[in-house]
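Thanks for coming, everyone. Let me put today's structure on the screen, and then we will walk through it.

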Amino acid sequence: MLTALRIADFAILESAELALGPGLTAITGETGAGKSILIDALAVVLGGRAGERAIRHGCDTAEIEAQFDDVRDPGVLQLLADAGIAADDGTVVLRRVLSRTGRARCQVNGRLVTVQQLRAIAAPLCDLSSQHAQHRLLDRATHLDLLDRFGGHVELRRRHMELHEGWRRATTELAALQQQQAAQADRLDY
């Protein structure tokens with residue numbers, strides 16, 4: 001769950017901090033209130049593209065941080081473990097620093113990562129939905145995961161996948177043994 005967003009020198013914002021509570025968060029307001037800047041900054045820290053124009057005029061860098069608490073997604077936890085990143089308390093802090101030189105730095109829990117790693121870790125943590133852009137809801141590959149997470153069956157699905165893989169290996173091995181036995185019978189018959 002996204003609990004905090006901190007932005008510095010991004011677009012026209014000098015600095016902004018947003019603390020979020022549990023449940024659905026809807027960012028609303030009049031035209032020109034800065035909703036798009038918040039959404040754009042969140043998209044950047046999640047691994048989205050950002051050019052030099054995203055950095056505030058007169059500044060050399062822009063910095064965005066997003067904190068996610070109570071992270072339990074097994075896929076995210078596995079990606080963190082594979083990258084050697086600790087998340088023992090379930091907190092994940094994403095940080096992205098944009099530079100006018102074109103070099104950006106990405107960090108997860110204080111550890112440097114590539115943009116691709118940042119995207120992979122961030123994807124299950126936050127789903128940005130704006131008008132006509134409910135991307136993950138339209139992606140058929142995410143439907144089963146969304147349904148299992150909603151029903152609390154992620155562990156059951158993981159166990160089912162393990163058992164199914166074991167069954168497939170056993171079936172392949174049985175077919176190989178049967179083929180070997182048939183070849184042996186043919187040799188004996190010959």
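**Overall shape, then two residues**

The chain has a radius of gyration of 23 Å, but a compact globule of 190 residues would be near 16 Å. That radius is taken over C-alpha atoms, and the globule rule is 2.2 Å times the number of residues to the power 0.38. Along its principal axes, the C-alpha trace spans about 85 × 40 × 35 Å.

A word on the source. This is a predicted model, where local features need pLDDT of at least 70 and side-chain atom pairs count only at pLDDT 80 or more, while totals for chains, interfaces and linings use all residues. Residues are numbered from 1 along each chain as its sequence is written, and side-chain values use heavy atoms, with hydrogens and water left out.

Next, the elements. The chain has 6 helices and 6 strands. Both are DSSP runs numbered from the N terminus: helices are H or I with at least four residues, strands are E with at least two. From the N terminus, the order is β-β-α-β-α-β-β-β-α-α-α-α.

How much of the chain is buried? Of the 190 residues, 27% are. Buried means under 20% relative accessible area, exposed means over 50%, and partly exposed lies in between, with a 1.4 Å probe and protein chains only.

Now contacts, meaning heavy atoms within 4.5 Å. Take those with a separation of 6 or more: residues 24 or more positions apart account for 59% of them.

First residue: V45. It lies in helix 1, residues 35–45. V45 counts as buried because its relative accessible area is 0%. What does V45 touch, not counting residues up to four places away in sequence? I64, E65, A66, L94, R95, R96 and L118. D145 is another matter: it is 100 residues from V45 along the chain, and their C-alpha atoms are separated by 23 Å.

Second residue: D73. Look in the loop between strand 3 (61–68) and helix 2 (74–82). D73 has 14% relative accessibility, so it counts as buried. At the start of helix 2, a side-chain oxygen of D73 reaches to within 2.8 Å of the backbone nitrogen of G75. Leaving aside neighbours within four places in sequence, D73 is in contact with P124 and R149.

Stay with helix 2. Just after it, G84 takes a positive phi of about 75 degrees.

That's the tour. Questions, please.

How values were computed:
A polar contact is a pair of N or O atoms within 3.5 Å; within protein, one must be able to donate a hydrogen and the other to accept it, and residues adjacent in sequence count only if both atoms are side-chain atoms.
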